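I opened my notebook to look up a few things in this fold. Here is what I wrote down, entry by entry.

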Amino acid sequence: MIIKKKSIREQVYENLKEEIVNGKIQSGEKIIELEYAEKFGVSRTPLREALRMLELEGLVTNAEKGGVTVNYISKEDIEEIYKIRVALESIVLKEIIKKDESCLEALHSILEETRIALDENMESEALIEIFQRFNHELYEAANLKQVSKLIKHLNEYTKRFRVLCLKNEIRLKEAFLEHWNLVEALEKKDLEEALRINDKHLFRSMKLVLNKMPDTK
C-alpha cells in the first residue's frame, strides 16, 4: 500500500482550518499572506491555494482589495446548522436501528470510559476528546460515509463554541446521560425514543452554543 504524502498546500490548508475552527484565528480577523507564509515557512503560492480551498468551504472571504477575512458565524447560521444536524442524525439513527447490537459495542465502551472520567474529575480537554469519539463511533455504526462527512463538515463550523459548552461541568454530565439513554433506546430498537432523545440533546447543545456566541453586527 502506497501512503500518499500530503502536499504543502494541503498541510497549510489543514493548519489554517484548525486555527479557524478552534478560534485561534477569530471571526472577522484578516489573514495577512506574508505573515502566515512566514509563520508556516512556505511561499505565498501554496498559502493562496489553501485560502481558496477555505473560501470554497465558506470559512473565509477573499475581497480583491480587502484581502482575506475569516467569516462571521451568525446565530441564524447556528440555528440552521443544528436543524440540518437533526435531519442528518435522524438518518444515522434509522440506519443503526436496522443493524445488529454488536455495532453498539464501541459506544458502550466509550460510555463506560466517560463515566469513569467524570467520576475522577478528569480535565475537560480529555473529556471533550472522549465525547468527540462517541459522536465519531455513532456515525461509524451507521456506516453512511457521505452522511458522516456532511455532519463532520457542519460540526467544524461550530467547534469553537461547542468546546466552550463542554467545559461546563453541568452540561458534560447532562450530555453523558443523554448519550447513555440514546444507546439504551437504540438497543431496544425504539426509534421514536432515540429520535426524541437526540433531538433534545441537539436542542440543548444549540441553546448553549447560542449563549456562548458573541453579539455581531
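**Helix lengths**

Helices (H or I, at least four residues) and strands (E, at least two) are DSSP runs, numbered from the N terminus. Next came α4, whose 23 residues reach 33 Å between the first and last C-alpha, close to the expected 33 Å. For α6 I noted 19 residues that should span 27 Å at 1.5 Å a residue, and the end C-alpha atoms are 28 Å apart, which agrees.

**What I am looking at**

A reminder to myself: this is a predicted model, in which local features need pLDDT of at least 70, side-chain atom pairs count only at pLDDT 80 or more, and totals for chains, interfaces and linings use all residues. Residues are numbered from 1 along each chain as its sequence is written, and side-chain values use heavy atoms, with hydrogens and water left out.

I checked pLDDT, the predictor's confidence in each residue, from 0 to 100. The protein chain averages 89, and 95% of the residues score at least 70. Confidence is highest in helix α4 (residues 75-97), at a mean of 95, and lowest in helix α7 (residues 145-165), at 82.

**Domains**

I looked up the division of the protein chain and found domain 1 (8-70) and domain 2 (75-212); the bounds come from an automatic or database domain assignment. Their C-alpha centres lie 30 Å apart. The contact (heavy atoms within 4.5 Å) takes 10 residues from domain 1 and five residues from domain 2.

**The core**

Which residues touch the most other members of the largest nonpolar core? I found Leu 16, Ile 31, Leu 138 and Leu 186, in a core of 64 residues. Helix α6 (residues 124-142) gives the most to this core, with nine residues. At least three residues come from each of domain 1 and domain 2. For the record, a nonpolar core is a set of buried Ala, Val, Leu, Ile, Met, Phe, Trp, Tyr and Cys residues joined through side-chain atoms within 4.5 Å. Buried means under 20% relative accessible area, exposed over 50%, partly exposed in between (1.4 Å probe, protein chains only).

I then followed Leu 186. Leaving out residues up to four places away in sequence, Leu 186 touches Leu 93, Ile 96, Ile 97, Leu 104, Leu 138 and Ala 194. The buried residues of α4 include Leu 93, Ile 96 and Ile 97. Leu 138 is one of the buried residues of α6, and Ala 194 is one of those of α9.

I found three strands in an open sheet, in the order β1-β3-β2, with antiparallel pairing. Two strands pair if DSSP finds at least two bridges between them. The edge strands, each pairing on one side only, are β1 (30-31) and β2 (60-63). Two bridges join β1 to β3 (residues 67-70), while four join β2 to β3.

What is the bridge partner of Ile 31 in β3? I noted Val 68. Thr 69 of β3 is the partner of Lys 30 and also of Thr 61.

**Loops**

Just after α6, Asn 143 takes a positive phi of about 55 degrees. Asn 143 lies in the loop between α6 and α7 and counts as exposed, at 52% relative accessibility.

Lys 189 has a positive phi of about 60 degrees although it is not a glycine. I placed Lys 189 in the loop between α8 (169-187) and α9 (191-212), where Lys 189 is partly exposed because its relative accessible area is 39%.

My last stop was Ile 32, in the loop between β1 and α2 (33-40). Ile 32 is partly exposed, at 41% relative accessibility. From Ile 32 to Glu 112 I noted 80 residues in sequence and 46 Å in space, C-alpha to C-alpha.

Conventions
Expected span 1.5 Å × (residues − 1).
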